[in-house]
Each structure stands twice: as structure tokens, then as C-alpha cells.
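Hello,

Please find the structure below. My notes on it follow.

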Amino acid sequence: TKNILVIGSVEPHYFAGYSNPVKNFVPGICDYETARGNHSLTLDAASGYCSHPYHPDPARQNQPLAADQVEAMEQIVQGRPVDALTTISSHRAIQWAAFGPIREVCAKAFAQADQFNLHLINPVERLIVSPGGHPNDMDLYIAQRALELTEQAVIDGGEILFCSACRHGIGPANSMNHFWNLLTLPFDQIYEAVQGQYKMFSHKPYRFAKLIQRLRKLWVYSELADDQILSAHMQPTHHPQQVVDTWIQDNPQVR
């Protein structure tokens, strides 16, 4: 029996739990329909970041989308041993690496990634979010991930000031039908369209809409046109400092 070797990096992933070697199987080598079916599980509220069936903490093992990826991997390998070379990197440098059986190595990597990336916070009423510059803010389709990974830090009915250049606009042409064209619909129509027949990447407007709807306002400071931002249920601003000044005037103790 020959071992299968998988190479992969680990970091929090907003709907697969973590980027990790197991993800190389379904999104990496499976048929489009298999990947579409797997991605449809993003609509399950439990399919979030920093949880995975291989996580060492039993309380963080319930992750339907990641569990589906594990099941697919097991069907593909048919009992053959799978080893993984797993790394955690930042600023183009490897911070941590390990090699061994995939389940064992992933468990160690998830625990280490948590130490690097997770922070315990008390949710606030106002939040400023930035993807951190190019290439993570090249378009709204990519930049949205910054909101996905920080939205738990703002309370229901709060406000977010989202600062992202988006100099390449909304996103690639092949994303418009299942992203932007849905996001600009009324909220009930967004949910009905996505839940009726899931199409690849339509989870993005679904999750985006859920965030926007639970906020009082989502401000966007970017190079996008004001009418584009308004059409997607968000509020444009050309003066982010004025937004912050208004927050302070409303509550001098705001943090």
C-alpha cells in the first residue's frame, strides 16, 4: 500500500473551518458538481471558521462542510495512509511546520493556528474593518472575507466602517451572476434564490446579506461608485474620519 502525500498550509477559513490539506481533495480534484454540493453546506450556520472534525477540542469538531470534505477524502483514498506536510506562514515566512499522518498533523496545526490567529474579545457597537491592503482588497468579492472573519466582534444593531480600495471593482466577470446580481436584490429574494437551488459562490451574497441585515449600517470607504454601494444595501462614505467623529459625538466613551 502506497502512502498519499498532501502538502498544504493552515489558516482560518470562513466557511471550511481552516485552509488545510484535507481541502485538496474535494475542491482540488473532484468534479464540479461534487464541489458545488460541498459548498452548498456553507448555508448551514455551523459551517464557520476555526472548527473541524480533526480539531483537538471536541467542542469545535461540529463542522458540516469540513466533515463532508473528510468523508470525500476517505472515499477517495480507500484506506490508504495519508501523510501531510503542513505549514503556517505569515509575511512570506514559515512560522510553523509539521509532517505526519494527516489527522494527527491537522489537529496540531489547528491548535497552533488558533494561537496565532484567535483573539478573545467583547463585541462592540462600532467596528472598523480593513482587509489589510493589496491584494486582499483588490475587489469586493475578495475583500468580503475580512468582514466574514471579524463580524463576530460587532453586536446586532451595530455599525461597521469597512475600508477597502476595491480598485478592480466588484469582482471577476464570472462572479457577477451569483454574487453581485443577487446581493442587489431585496433581502427576502436573496435568501429565496440561494436556498432554492444553490449555485457555486452564491453563499457569498447570502452571508453578506445576513451581516448587513443585522447591522444598523455598514459604511463603505472605497473606490466603488456610490450608487453601486447603495444598491447593495450599504452606505458609502468619502470621509471615514467623519463617521468616526459622529460615533464619538454620539457616545464619547465609544471603543
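What share of the contacts in the protein with a separation of 6 or more comes from residues 24 or more positions apart? The share is 65%, where contact means heavy atoms within 4.5 Å.

This is a predicted model, in which local features need pLDDT of at least 70 and side-chain atom pairs count only at pLDDT 80 or more, while totals for chains, interfaces and linings use all residues. Residues are numbered from 1 along each chain as its sequence is written, and side-chain values use heavy atoms, with hydrogens and water left out.

The protein contains 10 helices and 9 strands (DSSP runs, H or I of at least four residues for helices and E of at least two for strands, numbered from the N terminus). Along the principal axes, its C-alpha atoms fill a box of roughly 65 × 40 × 30 Å. Of the 255 residues, 47% count as buried (under 20% relative accessible area, with a 1.4 Å probe and protein chains only).

Helix α8 is mostly covered, with 9 of its 12 residues buried. Among them are His203, Tyr206, Phe208 and Leu211. The cover over the buried residues of α8 includes the helices α2 (32-39), α5 (140-148), α6 (180-183) and α7 (187-196), and the strands β7 (154-163) and β8 (217-221).

Regards

Terms used: Buried means under 20% relative accessible area, exposed over 50%, partly exposed in between (1.4 Å probe, protein chains only).
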